[in-house]
Amino acid sequence: MNFFLLFFLSATCCTIIPLQESYSNEGTICNADDNCTWQISSSYTGTNRNAGTARNITAALGYACSYYFFQLLDAEHNEFLFLSNFSTILIKGRNTSEGQLARTVWRIKVWEGALIFYSQGDMTIANISFQYNIINHEGTPTVVPWGFMISLTGSTTYRRSLTLQYCEIHGQALNSEQIQFAINTNKPEKVNIISCAFYKLNVKQQDRGISFVNCPLLVIKDSNFTDLLGQEYSGGIDIIDNGISLTINIEISGCTFQRCFTSSIDAGAIYINISQSTVEASIAINNCTFNSNKGGNSGAILLIFNSINSLQIYNNIFLNNEITEVNGAQDVFILKTTNDLGWSASQAQNFFKVALEGSMSTENKSVKYQVFGYDANTITLNQFIIPDFEIKYIKNPNGEGEEQFITSVLGDESTITQIEIILVGSSHTEQVIINSSQGGNRNRITITGDGERLGKYVTLSGGSEIEGKDKFIITVTNEAKGDTLIRKIEMVEWKGGFIKIDGGNTIALHEIRFVGGGSIIHNIDKNLEVSQCDFKGDSQNTEIESFIIVTNGIIEIFNSTFQQGSFVGIDKGCIICNGSNTQCLIDGCEFTQNKIGSQSAAVQVVSSSCTLLQINGSANKRTIFSGKGNSSPHDGEGLNAAGFTAEIEEGSYVQFIECIFQSCIDLTEGNLISSGAICIFSKSSSMKSKAESNIGEVSITKCKFADCAGKNSGGIFFGENIIPASSQYNIFMNNRLTSQTGSGAADIFFSSKELLDEAGGIEFVCEGVKYESEAIGKIKIEGFSANFAPYLNCKSREVSSNCDDIPCGGTIGMNPEDCPWIDEVELEIPKEVPGDKEDIDEVEKETKKMKDFPVGIIVGIAVGVLAIVVIVVVVIAIIITKKKKTAKSNNKFDPNMLAQNLPMEIQYSHKSSTLDEMNKIMESNNW
């Protein structure tokens, strides 16, 4: 179908429905051609043109249409999308079961330079959460996509467009990992970004995070840019024109730029350079907020242009922006490279004052402008008065101070200003409830200890050790609206819990000690951030409630310790993620000296909504799991591990990097599936292949497992319906099984050979696996008797030619019936091990005794032995003679005679094909 026919179909068949209307219209978008409406899900086995179903967008694009509408059905979509056609494309995120919109997570799990790359076509993407991912590439954790999240490169002769609506791009949990371009466009016809969010992006040196080059029409509305770090031009948005565009229209309105930073000499939030263009541009940056941004010559906006038709920087708010260059401007720096209009100094000043009408700043002389031929001048914007920020000091009842109780300074329903409440003294006792009549309408509430600045923590309790059942020291009710920050506090044990969160916005807990039994319960669809906190239980002999329970939202935990807790039962452990929790991110934490009982774990994830779980460390700060685990046998059903357990949903992704599991021991008995370190299952009850469902994936790389023990695995247990994406470059030492019954392996056990093969096979999945001691452990696959650990260890330490062939079952596509089952006792061949010093001494003593024997006795013994040998030789000779005579009378192909020489043929008569494999093993002596 040629271009002209496509153009004709576009005009006659397909009516492009506006984006908002398409949300409420679940029917066909094209009035005359049903084939341009597709439902995309990994659960589909193929591409069905008539039904309009496909596994991915690429497959559906194989059917020509001028307008495509793709509805993503899964919670997570994994695909690298490359486009090179002229079509108009709408990609929309999934709907929930209630018909409400829900962002689909889109990411890739392979090494690719882009997620979406196209040079032709008009694309609209709605309601997608684009997420970066960390994979193990050639032994190194690598961020993917490593180049672009979205890249549009057009041409001067044929331009294309991009629209993003209700989307987000974030580098959440990447920490110091760096990306290149989040969005990169060059020569598009137009770009629209509406109601989107960009946050936590860290851009590589010499690259730009959000870049628009030679874009004649750019509209960015009602979007947020938060915590962005750039190395060139700006931390936020770069807009550049090289003199190619025939018109330039830029509109940025209703946006928030917060904590955008660049290490270059340019701008913190927005960099615009259209100085090479000779056309008169129109630029409007209106009704935006710029808060705490930092750049070289401008904290917020740097604008460089040649000729301008219209410039509006109206009604913006500039708060606490900073610069690193002495001659820069904290908020706005404007440079006009020509004076084509012949302005005088006063005319130039008047032009820019009008352009900044209605904008306010917290700083004086925060705007600087310079016109070619004149020196730079400054402008002071209208002063923005920050709403009252209260500071209140609280002392204990016996001390001196403004107030004695936190509750008394929270304010009433009319109070909206921020407040910092500082506790003074060594201790404070109070139950704090934040609701609509007590501080619930404040933008932010901070409660901090160390009021005397002595580096000490203030103890905060809710009452005596016998008080507080079903109560909490701090409760944030569902009537609260703002952020809550708590730091430099030591909360001590009582009958109740520590903190309960039923409302408000972001909750941050920094530098807090939680001592004794007590929980933090997070029940809202917001972020809970825990950093540099210490959790310490009563002791290993006293059972306590879980330290942290998250039933909703996202939890991020950094550089914190969890120790001396004793947990028994379902949903018990240091960290429990259940209910509607969506993401759990743990980095640089330590779980030590905890006693983990039946059906509990140090970290346990049983949420039906959790799509991303990352437990990461680094070479400098590993995440550590260490402790007794279950110190006594116990029965039960379900799954168990002393370190980590998870029952994950379809579409979930679990990742471990740079973790240590030391002495994680679980003594489970009965029907409970048990692993010492990691035990992961899928909630799906029926066995599926990756082609049938978007089942969960697990990646465990660069971790160490030592002295761990469990019933089914000492190290890692990959349950059914789990894609074992990677178990590469892990180190094992002295792990063991606590039971000889049931399936399992001391180090790694794979429950599904089919899914292991889909992940690339055991050689790829376990690439780089090593053992630190001479004793090699066990790595096994369900249904196969072979131990793959010696082979994998050899491949990691030697050149391939020095290693034997991979054991039977290791090749992709092999089934259990292809390999004979060999019991472990048959496989084990004792190695000659030199005796130690004590053994040698015993031998020498016995030798000395022999020297002391009388000669006559020795001669007598020798004669007796000789006689016995002669008799045995005679008997054997008679037997051999009789057998030869019998053999002559028999056919040499008699099956009965062959059976005597081939006992395996009898035992596995229905598997004669396996005999050759066994003979090869016997001939090579590779048992």
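A residue counts as buried when its relative accessible area is under 20%, and by this rule 51% of the 927 residues of the protein chain are buried in this predicted model.

**Figure 1. Overview of the protein chain in the predicted model.** The secondary structure of the chain comes to 13 helices and 75 strands. Of the contacts in the protein chain with a separation of 6 or more, 75% are accounted for by residues 24 or more positions apart. The chain exposes about 41000 Å², and carbon and sulfur atoms supply 50% of this area.

**Figure 2. Close-up of the aromatic pair formed by Tyr68 and Phe70.** A search of the whole structure finds 32 aromatic pairs. In the pair shown here, the ring centres of Tyr68 and Phe70 are 5.5 Å apart and the ring planes stand at 10°, so the pair is stacked, given that planes under 30 degrees apart count as stacked. Tyr68 has a relative accessibility of 1% and therefore counts as buried, while Phe70, with a relative accessible area of 0%, is buried as well.

**Figure 3. Close-up of the ring of Tyr457 with Lys488 and Arg513.** The charged end of Lys488 sits over the ring of Tyr457, at 4.9 Å from the ring centre. Arg513 also lies over the face of Tyr457, and here the distance from the ring centre is 3.9 Å.

**Figure 4. Close-up of His428 and its polar contact with Glu430.** His428 lies in strand E40, which covers residues 427–429. With a relative accessible area of 4%, His428 is buried, because this value falls under the 20% that sets the limit for a buried residue. Where the view shows the side chain of His428 beside that of Glu430, the two side chains make a polar contact of 2.8 Å.

Methods: Residues numbered from 1 in each chain as written. Predicted model: local features only at pLDDT ≥ 70, side-chain atom pairs only at ≥ 80, totals over all residues. Heavy atoms only, no water. Phe/Tyr/Trp six-rings, centres within 6.5 Å; stacked < 30°, edge-to-face > 60°. Buried < 20%, exposed > 50% of the residue type's maximum accessible area, 1.4 Å probe, protein only. Lys NZ or Arg CZ within 6 Å of the ring centre and 35° of its normal. Helix = DSSP H or I, 4+ residues; strand = E, 2+ residues; numbered from the N terminus. Polar contact = N/O pair within 3.5 Å; in protein donor to acceptor, adjacent residues only side chain to side chain. Contact = heavy atoms within 4.5 Å. Areas by Shrake-Rupley, 256 points an atom, 1.4 Å probe, with all protein chains shown as cover.
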